[in-house]
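Subject: Structure handover

Hello,

Here is the structure we talked about passing on. Please open it alongside this message. My notes follow below.

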Amino acid sequence: MAGSKVLVLGGGFGGVQAAIEARASLDSSHEVTIVDKNRVPHLCGMNPLLIVGERDTDKTGRSLGRLANRGINFVEANIDLIDTANQQVATSEGTLDYDYLVVALGAAYDWDAVPGARNAYSFYDFEYARHLRRRISRLKRGKIVIAAAKPPYKCPPAPLETAMMINWWARKKGIRKDIDISVYIPEPGPLGVAGKEASMRVRKALDQRGIELVTAAGVTEVSAKGREASFADGSSTSADIIATIPVHKIPDIVAESGIANGKPWVPVNNKTLETSASNVFAIGDVNVVPSGDFAIPKAGVFAAGQGTKVGEIIASRIKGSDEPEPYDGVGFCYMAYSGGRSATVGGEFLTDGGPQTVLTEPTVSGMKAKDRFERDWRNFKI
Ligand SMILES: Cc1cc2nc3c(=O)[nH]c(=O)nc-3n(C[C@H](O)[C@H](O)[C@H](O)COP(=O)(O)OP(=O)(O)OC[C@H]3O[C@@H](n4cnc5c(N)ncnc54)[C@H](O)[C@@H]3O)c2cc1C
């Protein structure tokens with residue numbers, strides 16, 4: 001009997017772990033292939049440290065070509081069309097067919113949803129982050145505004161972490177008294193998914209560091225020169241640096257494939273992460289997995305965990321073995337408060353009654369664990 005073809009679209013957190021898990025469980029008669037338009041994706045989680053010079057720009061990527069060592073084919077190509085009826089995917093390098101498909105294409109950014117956002121800075125993309133890093137390195141005094149547009153966005157702690165990293169950087173440079181830092185978020189409070197007590201503690205941490213937090217105030221417009229911003233609460237501000245978090249959306253090719261059933265994100269079976277199309281799975285930022293009044297956050301740790309689970313499920317279906325345990329929705333993210341200390345926030349998201357999460361205190365060992373996480377990512381361990 002011919003081997004099966006497992007095709008993974010997207011070589012980010014989720015896609016890589018799905019491919020690694022499937023490959024490790026299957027013999028060489030079966031093919032595992034990843035397609036990504038970028039040979040070297042970057043770890044966005046490093047951006048809050050990268051922009052203040054705490055990470056090197058040439059140490060934030062990993063080459064998907066290295067997956068060949070593990071028996072995984074890598075195709076560097078733009079994916080143009082997903083055709084689940086014919087089990088085919090059209091790419092700039094030709095058409096690929098599959099028996100099992102994993103859609104791990106992440107979230108796309110709609111830079112035009114907030115007029116003028118393209119004129120502002122950002123740290124939600126590697127190139128934008130490099131640009132912001134250069135600007136921050138020249139700043140001696142002035143105001144920095146971090147402004148999220150609307151949920152959901154990747155890594156909800158990221159704007160808060162970034163504000164605290166800028167605070168730490170300015171203190172280290174001895175210019176903190178000359179720098180104002182404000183964070184505008186669309187939610188009624190920071191880290192709502194972690195509960196009221198955690199939210200209060202984050203507010204306090206920002207307050208203690210002299211960082212202004214404005215809630216229920218998603219950014220709605222940025223001026224042509226990128227120096228003024230307006231917000232959903234009717235307020236506006238001017239600043240030397242405005243860094244926005246763009247509106248996130250499902251990639252067009254995923255919407256056009258029909259697997260999202262017209263919804264903003266791909267609905268999946270929360271136990272198997274399978275879409276309404278049989279043997280087509282959607283993992284990571286591209287999907288929505290409800291959790292009480294919230295959803296599992298768009299974060300790499302969850303994408304990776306979902307990838308591992310889907311890799312197991314696909315291998316078990318190919319081998320005809322028992323279906324693995326259902327997906328557990330467990331994961332946590334790091335949130336650095338400075339260059340030397342990091343907290344974690346996360347927990348279980350698929351328990352009855354919604355998320356059961358904990359925000360830990362920032363510690364030196366937390367920062368060491370965050371550093372290890374980054375190293376593990378570069379070595380494909382996560
Ligand atoms: C500033 C910031 C800080 C963050 N911090 C953390 C953190 O501390 N911890 C954490 O867990 N998460 C963090 N995240 C979130 C994390 O980066 C994402 O949640 C994670 O990358 C999602 O993984 P994914 O596999 O779903 O998608 P992605 O990692 O986005 O991968 C999708 C891949 O699909 C490819 N692709 C998309 N469209 C096409 C196409 N048409 N053709 C070919 N290839 C395509 C892309 O090139 C990409 O490589 C952070 C994000 C940001 C922006």
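The structure holds zero of them, a disulfide being a pair of cysteine sulfur atoms within 2.5 Å. Cys-44 is in none, and the nearest cysteine sulfur, on Cys-155, is 9.6 Å away. In general, a disulfide is a covalent bond between the sulfur atoms of two cysteines.

Before the rest, some ground rules. This is a predicted model, where local features need pLDDT of at least 70, side-chain atom pairs count only at pLDDT 80 or more, and totals for chains, interfaces and linings use all residues. Residues are numbered from 1 along each chain as its sequence is written, and side-chain values use heavy atoms, with hydrogens and water left out.

How open are those two cysteines? I call a residue buried under 20% relative accessible area, exposed over 50%, and partly exposed in between (1.4 Å probe, protein chains only). Cys-44 is partly exposed, because its relative accessibility is 34%. Cys-333 is buried, at 14%.

Salt bridges

The count comes to 17 salt bridges. The rule is a side-chain nitrogen of Lys or Arg within 4 Å of a carboxyl oxygen of Asp or Glu.

- Glu-76 pairs with Arg-39, with the closest N and O atoms 3.0 Å apart. Glu-76 sits in strand S3 (residues 73–76) and Arg-39 in the loop between strand S2 (31–36) and helix H2 (47–50), so the bridge ties together parts that are 37 residues apart in sequence. Helices (H or I, at least four residues) and strands (E, at least two) are DSSP runs, numbered from the N terminus. Glu-76 is partly exposed at 37%. Arg-39 is partly exposed too, at 38%.
- Asp-178 pairs with Lys-177, and here the closest N and O atoms are 3.4 Å apart. Asp-178 is partly exposed, with a relative accessible area of 33%. Lys-177 is exposed, at 71%.
- Glu-197 and Arg-201 meet at 3.3 Å, N to O. They are four residues apart in helix H5 (residues 196–208), so about one helical turn separates them. Glu-197 is exposed at 53%, whereas Arg-201 is partly exposed at 24%.
- Arg-55, Asp-371 and Glu-374 form one network, joined by salt bridges that share partners.

A charged patch

Which residues form the positive surface patch? They are Arg-66, Arg-70, Arg-372, Arg-375 and Lys-381. Patches are made of residues with over 30% relative accessible area and no salt bridge; like charges are joined within 9 Å, and nonpolar side chains (Val, Leu, Ile, Met, Phe, Trp, Tyr) within 5 Å. Lys and Arg count as positive and Asp and Glu as negative, while His and the chain ends are not counted. Each charge is placed at NZ of Lys, CZ of Arg, CG of Asp or CD of Glu. Areas come from the Shrake-Rupley method with a 1.4 Å probe, and for residues only the protein chains shown count as cover. Take Arg-372 as one of the members. Arg-372 lies in helix H8 (residues 364–378). Its relative accessible area is 44%, so it counts as partly exposed.

Backbone points

Where is the cis peptide bond? It joins Pro-151 and Pro-152, with omega about -5 degrees. Pro-152 is in the loop between strand S9 (142–148) and helix H4 (158–173).

Next, two residues with positive phi. Ala-216 is not a glycine, yet its phi is near 50 degrees. Ala-216 is in the loop between strand S11 (211–214) and strand S12 (219–222). Ala-216 is partly exposed at 44%. Phe-380 has a phi of about 65 degrees, also without being a glycine. Phe-380 lies in the segment after H8. Phe-380 is buried, at 4%.

Gln-17 is in helix H1 (residues 13–25). Gln-17 is buried, with a relative accessible area of 8%. Gln-17 and Val-310 are 293 residues apart in sequence, but 8.9 Å apart in space, C-alpha to C-alpha.

Best wishes
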